[in-house]
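This briefing concerns disulfides and nonpolar cores. Please examine the sequence and the structure before reading on.

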Amino acid sequence: MKVILLLIAASFSFVSVLRSEAEHLFQNDAVSLAVEVPPGPPPLMVPLTLIQGAASKGAVCLDGTLPGYHFHPGFGSGANSWLIQLEGGGWCNTISSCVFRKTTRRGSSKYMEKQLAFTGLLSNKAEENPDFFNWNRVKVRYCDGASFSGDSQNEVAQLQFRGQKIWQAAMQELLFKGMQKANQALLSGCSAGGLASIIHCDEFRSLFPTSTKVKCLSDAGFFLDAVDVSGGHTLRNLFGGVVKLQEVQKNLPNSCLNQLDPTSCFFPQNLINYVETPLFLLNAAYDAWQVQESLVPHSADPHGSWNDCKANHAHCNSSQIQFLQDFRNQMLNDVKGFSETSQTGLFINSCFAHCQSERQDTWFADDSPLINNVPVAIAVGDWFLDRKTVKAIDCAYPCDNTCHNLVFK
């Protein structure tokens with residue numbers, strides 16, 4: 001079992017998650033934690049492209065700057081295949097947290113890295129990414145704070161909540177760049193981007209003719225409407241703020257809104273059964289971000305009785321492990337109906353991890369996490385290319401010794 005150490009670095013006042021592939025930065029409302037990625041050959045570095053026509057369409061970051069993406073063209077047999085990865089990075093749910101976010105790469109292209117490493121499912125090497133290495137691969141940057149789905153503004157605070165327009169402008173630009181000729185396309189995303197890939201999955205399908213094979217992948221985007229250790233609903237309260245502040249309900253499916261309130265329809269467990277396009281859920285059963293920020297945030301554990309367990313699952317007592325097992329059981333229960341249709345895919349491993357498709361060591365490497373001896377990359381490829389049905393659900397912790405678990409120092 002591989003353990004990845006995370007080092008405490010700084011303090012932030014907003015909820016956000018996961019930096020670039022090379023650094024993997026957790027940023028939450030208490031702490032910033034950098035993951036050391038194992039050494040290897042230098043990854044492909046891909047430059048940032050700003051969407052020049054976006055401002056005229058109202059498609060701007062929180063601070064009004066242009067949105068952007070990183071694009072590496074496909075070649076050979078993959079020249080007409082497209083993979084779109086929506087970046088993750090938490091959400092902002094209050095005016096103050098969104099104002100702070102404007103001063104980061106999560107709210108302004110002024111602060112975005114000018115180039116990003118393409119690793120994992122974005123790698124251009126067959127030995128690192130066997131099924132998608134020669135596709136056109138795109139990473140769309142995340143600077144709206146609402147999973148590419150808000151549409152409002154706050155003039156007093158000079159905030160633009162334009163995630164939906166950013167999504168539309170990015171897709172229009174990529175269609176113009178050749179995506180309209182795609183014979184197959186995969187929309188993916190990690191964390192908040194994984195939620196976005198569920199929200200926008202059917203919309204993505206509608207961009208292409210019916211002859212194009214189109215599917216969606218959500219990595220670490222299956223955020224549960226769970227009760228925290230104090231009996232509260234930390235993540236529901238956060239999502240409620242995001243939905244209300246950014247008027248997300250405008251862009252949620254009416255099929256869900258006809259049955260449930262807008263905040264409930266921002267939770268994937270209530271969205272997945274309305275998605276008609278084939279969808280694959282890749283998630284750690286003990287998702288590290290959800291353990292840290294939804295199940296045991298500091299506000300729910302002010303005396304820190306969970307601190308040792310949160311830092312390292314090996315230090316959890318039996319009642320804490322049972323609480324985490326209940327969370328896994330809720331996740332499995334929430335995907336039960338979804339998993340029964342033949343077109344859906346699942347890879348739910350019993351790891352303390354988050355975003356396993358973007359990192360090379362968890363996507364496809366000599367010691368990658370496995371379920372039934374199959375790594376994530378092969379499972380996703382098998383499903384997308386219809387080589388086989390993939391419904392991979394791991395046995396409960398602590399049975400899996402292939403995990404790359406996150407341990408916080």
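Is Cys216 buried or exposed? Cys216 is buried, with a relative accessible area of 0%; buried means under 20% relative accessible area, exposed over 50%, and partly exposed in between (1.4 Å probe, protein chains only). The model is predicted, so local features need pLDDT of at least 70 and side-chain atom pairs count only at pLDDT 80 or more, while totals for chains, interfaces and linings use all residues. Residues are numbered from 1 along each chain as its sequence is written, and side-chain values use heavy atoms, without hydrogens and water.

**Disulfides**
- The count comes to eight disulfides, each being a pair of cysteine sulfur atoms within 2.5 Å.
- One of them joins Cys201 to Cys216, with 2.2 Å from S to S.
- Cys201 is also buried, at a relative accessible area of 0%.
- Another disulfide joins Cys92 to Cys98, with 2.1 Å from S to S, and the link is right-handed, with 95° about the S-S bond.
- In the disulfide of Cys395 and Cys399 (S to S 1.8 Å), Cys395 is partly exposed at 41% and Cys399 is partly exposed at 36%.

**Nonpolar cores**
- A nonpolar core is a set of buried Ala, Val, Leu, Ile, Met, Phe, Trp, Tyr and Cys residues joined through side-chain atoms within 4.5 Å.
- The largest nonpolar core has 80 residues, of which Ile84, Trp91, Phe204 and Phe266 touch the most other members.
- A second, separate core of 23 residues includes Phe280, Ile371, Ala379 and Ala392.
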